[in-house]
Amino acid sequence: MKKCPTLPHLIFSFLFIATFLSSSTHAAVGKWELLTKNVGISAMHMQLLHNDRVVMFDRTDFGASNLSLPNGVCRNNPNDTTLKVDCTAHSAEYDVASNTVRPLFVFTDTWCSSGAVNPNGSLVQTGGYNDGEKMVRVFTPCATCDWEEIGNVLANWRWYATDHILPDGRQIIIGGRGQFSYEFYPKSEGSMTSLNLPFLQETSDGAAIENNLYPFVFLNVDGNLFIFANNRAILFDYVASKTVKTYPTIPGGEPRSYPSTGSAVLLPLKSTNGQAAEAEVLVCGGAPFGAYTKALKKTYMDSLKSCARIKITDPNPEWVMEDMPLARIMGDMTLLPNGDVLIINGAAQGTAGWELGRHPVRTPVVYKPDNATGSRFELQNPSAISRMYHSTAVLLRDGRVLVGGSNPHERYVFSNVLFPTDLSLEAFSPNYLDSKFASVRPTTLSPSSQAEVGYGEKLTVSFSITGTIALDTVSVTMVSPSFTTHSFSMNQRLVILASETVRALGNLTFQVEVTTPASGNLAPSGYFLLYVVHQQIPSAGIWVKIR
């Protein structure tokens with residue numbers, strides 16, 4: 001028998017629609033495309049690599065996935081808590097160009113882990129659960145490559161931790177459940193153990209709630225780390241192991257870290273002669289204090305609607321508050337090539353965790369950081385698919401955003417639940433990919449993709465435009481692709497390169513000279529996507545390796 005909606009549900013739906021309609025004066029834009037209904041696994045973690053393939057994985061103790069391992073291979077792991085002999089994959093490589101999936105073999109449990117791409121372009125994944133909690137695994141991109149498990153080399157278990165690439169090419173691994181410390185990888189003499197980070201203990205709301213897992217970590221332009229957990233942040237000198245600045249608590253004091261999961265992004269860094277003097281961080285969404293314990297009792301509080309923005313390089317920084325059009329928890333924040341921020345996925349009530357989110361927010365929002373306060377948010381067209389807990393989003397080279405995941409269950413569950421496990425992949429195309437902008441969209445001619453550049457060098461970028469060019473609207477950006485999981489895109493950063501006057505070469509071809517970042521403080525060595533942007537319309541990206 002069909003049930004009628006309850007009064008509270010009707011009230012919430014009315015308020016949700018009213019908010020939606022009143023929050024924008026422009027027609028929604030952006031397009032969705034379903035790429036595949038079944039990638040075989042839940043895309044809980046995703047990373048784009050420099051061969052235009054996306055590595056994704058979930059966890060080995062979900063039970064059998066929908067993607068078989070090839071050639072009769074099975075994983076025989078007596079430590080697995082669910083299925084000790086498993087002939088299915090829990091990691092996959094998605095080929096963007098062919099829209100196909102290749103199963104990958106991962107042996108130990110990668111549940112709620114972290115990672116980063118090293119300067120050579122290999123994905124170094126750290127931690128997980130059970131037999132994977134101290135494990136390091138490496139995936140080197142090639143046509144037939146698979147995961148290599150390095151071993152239990154981490155000093156502490158790292159479950160719900162955050163990684164960041166450092167200017168010297170090492171990874172720092174920060175936090176994790178019950179771990180108020182950090183460590184480095186690769187290991188070397190003097191870095192075999194972990195180091196205490198009291199800030200993580202200070203920001204914990206207790207072992208039963210936490211509200212400080214997957215801390216938001218960004219490399220500041222001075223080489224120190226901005227570390228945000230719960231509702232506040234520090235600037236941390238990881239070399240001297242000391243806090244150099246304590247930032248004020250976000251006004252209102254509501255938590256933004258897992259399980260009250262908001263998201264955060266380092267806003268575009270504007271380079272002058274290879275240096276950037278300022279850096280800003282934006283934190284959006286989350287859940288009110290107490291939302292997690294109430295959700296456990298099946299009472300779902302409204303998510304936070306607020307964003308907090310802070311200039312972390314200011315001597316006396318303060319948070320500036322602004323509301324999103326839609327409240328959101330478990331959202332992803334993805335830097336777009338033109339410097340905008342896409343806020344996507346998530347829910348309007350509850351928290352992160354098994355079965356704890358309600359009312360999916362299918363409508364993305366674009367945040368324009370250079371607009372005036374009050375005109376920064378633009379609603380986009382909604383997806384037909386709910387992306388709840390364990391959803392992900394990553395930028396692709398062509399400017400689309402790959403969206404996948406959503407499994408708010410302890411196992412794969414495909415029926416008789418509010419939000420079944422979702423194995424599909426979608427692509428969201430921001431408005432800049434609309435065909436009406438074809439005449440002003442740049443096409444990069446040189447350098448060629450996979451070019452190598454040094455620090456502080458002059459780089460000549462040639463491009464063509466078929467329509468009329470507006471010379472003063474041309475810029476060149478470099479984007480570091482992120483390792484995305486649990487609503488945080490680790491290592492994500494965008495640098496707007498210092499550029500000189502655009503020159504016309506004839507035949508609708510142009511040239512601009514830019515200066516590459518002066519040091520690893522602005523752009524750690526490794527692979528970046530380089531875009532030419534004209535009138536806020538980006539070209540397709542090309543891969544460049546900075547060394």
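Residues are numbered from 1 along each chain as its sequence is written, and side-chain values use heavy atoms, with hydrogens and water left out.

How confident is the predictor? The protein chain has a mean pLDDT of 94, and 95% of its residues reach 70 or more (pLDDT is the predictor's confidence in each residue, from 0 to 100). Residues 1-25 are another matter: pLDDT stays under 50 there, and the model has 17 contacts beyond four places in sequence for this stretch (a contact means heavy atoms within 4.5 Å). Where pLDDT is low, the predicted coordinates should not be read in detail.

**The disulfides**

Back to the cysteines. The structure holds three disulfides (each a pair of cysteine sulfur atoms within 2.5 Å). Counting bonded cysteines along the chain, the pattern is 1-2, 3-4, 5-6. Here they are side by side:

| Disulfide | S-S distance | Torsion about S-S |
|---|---|---|
| Cys-74 and Cys-87 | 1.8 Å | 90°, right-handed |
| Cys-142 and Cys-145 | 1.9 Å | about 110°, right-handed |
| Cys-284 and Cys-307 | 2.0 Å | 115°, right-handed |

Cys-307, where we came in, is bonded to Cys-284. Cys-284 lies in strand S22 (residues 280-284) and Cys-307 in strand S23 (residues 306-311), so this pair ties together parts that are 23 residues apart in sequence. Strands here (E, at least two residues) and helices (H or I, at least four) are DSSP runs, numbered from the N terminus. Cys-284 is buried as well, with a relative accessible area of 4%.

The link between Cys-74 and Cys-87 has its sulfur atoms 1.8 Å apart. Cys-74 sits in the loop between strand S3 (53-57) and strand S4 (75-76), and Cys-87 in the loop between strand S5 (85-86) and strand S6 (91-95), so the bond ties together parts 13 residues apart in sequence. Cys-74 is partly exposed at 31% relative accessible area, and Cys-87 is partly exposed at 36%. Cys-142 also counts as partly exposed, at 26%.

What does Arg-256 touch? Leaving aside neighbours within four places in sequence, its contacts include Cys-284, Ser-306, Phe-216 and Phe-228. Arg-256 is found in the loop between strand S19 (242-246) and strand S20 (263-266), and at 1% relative accessibility it counts as buried. Its side chain makes a polar contact of 2.8 Å with the side chain of Ser-306. (A polar contact is a pair of N or O atoms within 3.5 Å; within protein, one must be able to donate a hydrogen and the other to accept it, and residues adjacent in sequence count only if both atoms are side-chain atoms.) Arg-256 and Leu-304 are 48 residues apart in sequence, yet their C-alpha atoms are 8.9 Å apart.

The two phenylalanines on that contact list are bridge partners: Phe-216 pairs with Phe-228 in S17. Strand S16 (residues 216-219) sends Phe-216 and Phe-218 one way and Val-217 and Leu-219 the other, and all are buried. S16 and strand S17 (residues 225-229) pair in the antiparallel sense over four bridges (two strands pair if DSSP finds at least two bridges between them). Together S16 and S17 form a hairpin with five residues between them, and Gly-223 in the turn has a positive phi of about 95°.

**Two more side-chain links**

Arg-397 is in the loop between strand S31 (391-395) and strand S32 (401-405). Arg-397 counts as partly exposed, at 29% relative accessibility. Its side chain makes a polar contact of 2.8 Å with the side chain of Asp-52. Beyond four places in sequence, Arg-397 also touches residues including Leu-48, Tyr-531 and Trp-543.

Ser-114 lies in strand S8 (residues 114-117) and is buried, with a relative accessible area of 0%. The side chains of Ser-114 and Asp-163 are joined by a polar contact of 2.8 Å. Other residues in contact with Ser-114 include Gln-125, Phe-483 and Met-490.

Notes:
Predicted model: local features only at pLDDT ≥ 70, side-chain atom pairs only at ≥ 80, totals over all residues. Buried < 20%, exposed > 50% of the residue type's maximum accessible area, 1.4 Å probe, protein only.
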